Amino acid sequence: MAESYHFDTLQIHAGAEPDPATGARQVPIYQTTAFVFKDAAHAARLFNLEEVGYIYSRLTNPTVAALAARVAALEGGAGAIGCSSGHAAQIMALFPLMGPGRNIVVSTRLYGGTITQFGQSIRRFGWSARFVDFDDLAAIEAAIDDDTRALFCESIANPGGYISDLDALAKVADKAGVPLIVDNTSASPYLCRPIDHGATLVVHSATKYLTGNGTVTGGIVVDSGRFDWSASGKFPSLSEPEPAYHGLKFHAALGPMAFTFHSIAVGLRDLGMTMNPQGAHYTLMGIETLSLRMARHVENARKVAEWLEKDPRVDFVTYAGLPSSPYHDRVARICPRGAGALFTFAVKGGYDACVRLVDNLKLFSHVANLGDTRSLVIHSASTTHRQLSEAQQVAAGAAPNLVRVSIGIEDARDIIADLDQALAAAQA
Ligand SMILES: *Cc1c(COP(=O)(O)O)cnc(C)c1O
């Protein structure tokens, strides 16, 4: 796909030629487990990674590959891997980099499930995460040690819609010789392209804006292809003979595609966190309208945030698109097309008023999700961030008096009217 095409063209065409077998214009759902080898020599070349082709759908599948290529193009990456969920994508991004005793330095402002995944579950692999305020670069540097293998943050961060200073974070990562991994779920590549700001890897929950309508659970890892995996000796799975793949030196053999091929040939092969072709098809459909949806999400979010900020029943609104936000000056640099559609606001009356507000909203759906065409609401402290202590909730931007909204693409007047009547009920 010509590099020169603009975003709106790439979101429809990248990764998808008319089907070579039938001429089908839309990407078919290749609902097949295995692919027939031409002969034994062909099979050997595929298994040796000397020729790129399809073997078995746990590794690669043409529908999933079309989606991966499209997201790689939109993010400006060298390659991408389709995964079974956003959380699978996070494990897949870390897998080639990590080993027992290794750690990652991560932002405190993350999706609640990610805080649990990194804070608890990855310890079973002998990995650990150090949670740091990512606005404090000195604290990040202090947390990095010889066992650190990556920095991890969200571009537009949960739940408050804070903007991470990706350029500054990439410099810290570069100095330490480790990759910066950015979860770009809440921004989508239309609003933010982390690789342009120095990120090495980008992860997505395709469940959210990429698909856009709440039908799919999926994830993507995009590799910039720019990290020198051999420079430090810290990434032996990529730079040294990989015992899990008959001693292949992935970086030497595959250059900028080393991470992508390792993730398929070893990661998907052995962890099996594979995206299914039907899910990939839905996400391909969703991405065709990504820019149109994101523009409307941003327009509505700005209107709703401005209205809420003026309302006396609301203490404050965290939307970075508002001039009152401490993150406002980062919008033009990091996500120039807008600050997304995810933010929190503080309801007068605290925890109880938040619960009443959520119970009285009619147009909004009360769900643990974001990035749907529909407006969504959640009271993080009683749901997604429930497992955290109150101190962790506050550090994560999910204090008990905060409600998180994901503003949809309905008519903004209807969204505001719904909030108006529910705020009245919350104060009653
Ligand atoms: C939803 C989400 C995830 C996890 O994705 P799943 O597809 O639910 O596994 C990770 N990060 C962010 C920012 C998310 O919104």
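The largest cavity in this predicted model is lined by Ser107, Arg109, Phe134, Asp135, Ala157, Tyr162, Ile163, Ser164, Asp165, Leu169, Tyr327 and Arg330. By class, that lining comprises 6 nonpolar, 2 polar and 4 charged residues. The volume of the largest cavity is about 50 Å³. How many cavities of 30 Å³ or more does a search of the whole structure find? The search returns 1.

I turn next to a pair of helices. Helix α3, covering residues 62–75, packs against helix α12, residues 277–287, at an angle of about 35°. Their axes lie 8 Å apart, and the crossing of α3 and α12 is left-handed. On the α3 side, the contact is made by Thr63, Val64, Ala66, Leu67, Arg70, Val71 and Leu74. Helix α12 contributes Pro277, Ala280, His281, Thr283, Leu284 and Ile287. Sorted by class, the residues of this contact between α3 and α12 are 9 nonpolar, 3 polar and 1 charged.

Is Thr114 buried or exposed? Its relative accessibility is 0%, and a residue is classed as buried when that value is under 20%; therefore Thr114 counts as buried. Which residues does Thr114 contact, once its neighbours within four places in sequence are left aside? Those residues are His87, Gln90, Gly119 and Phe152.

Conventions: Residues are numbered from 1 along each chain as its sequence is written. This is a predicted model: local features need pLDDT of at least 70, side-chain atom pairs count only at pLDDT 80 or more; totals for chains, interfaces and linings use all residues. Side-chain values use heavy atoms; hydrogens and water are left out. Buried means under 20% relative accessible area, exposed over 50%, partly exposed in between (1.4 Å probe, protein chains only). Contact means heavy atoms within 4.5 Å. Axes are lines fitted to C-alpha atoms, for helices over the stretch in contact, and angles run from 0 to 180 degrees between N-to-C directions. Helices (H or I, at least four residues) and strands (E, at least two) are DSSP runs, numbered from the N terminus. A crossing is left-handed if the near helix is turned anticlockwise from the far one by less than a right angle, and right-handed if clockwise. Ala, Val, Leu, Ile, Met, Phe, Trp, Tyr, Cys and Pro count as nonpolar, Asp, Glu, Lys and Arg as charged, and the others, Gly among them, as polar. On a 1 Å grid over the protein atoms alone, a cavity is a set of points where a 1.4 Å probe fits but cannot get out, and a pocket is an open set with protein on both sides within 12 Å along at least five of seven lines; lining residues have an atom within 4 Å of a point. Grid points are joined across faces, edges and corners, and a volume is the space filled by probe spheres set on the points.
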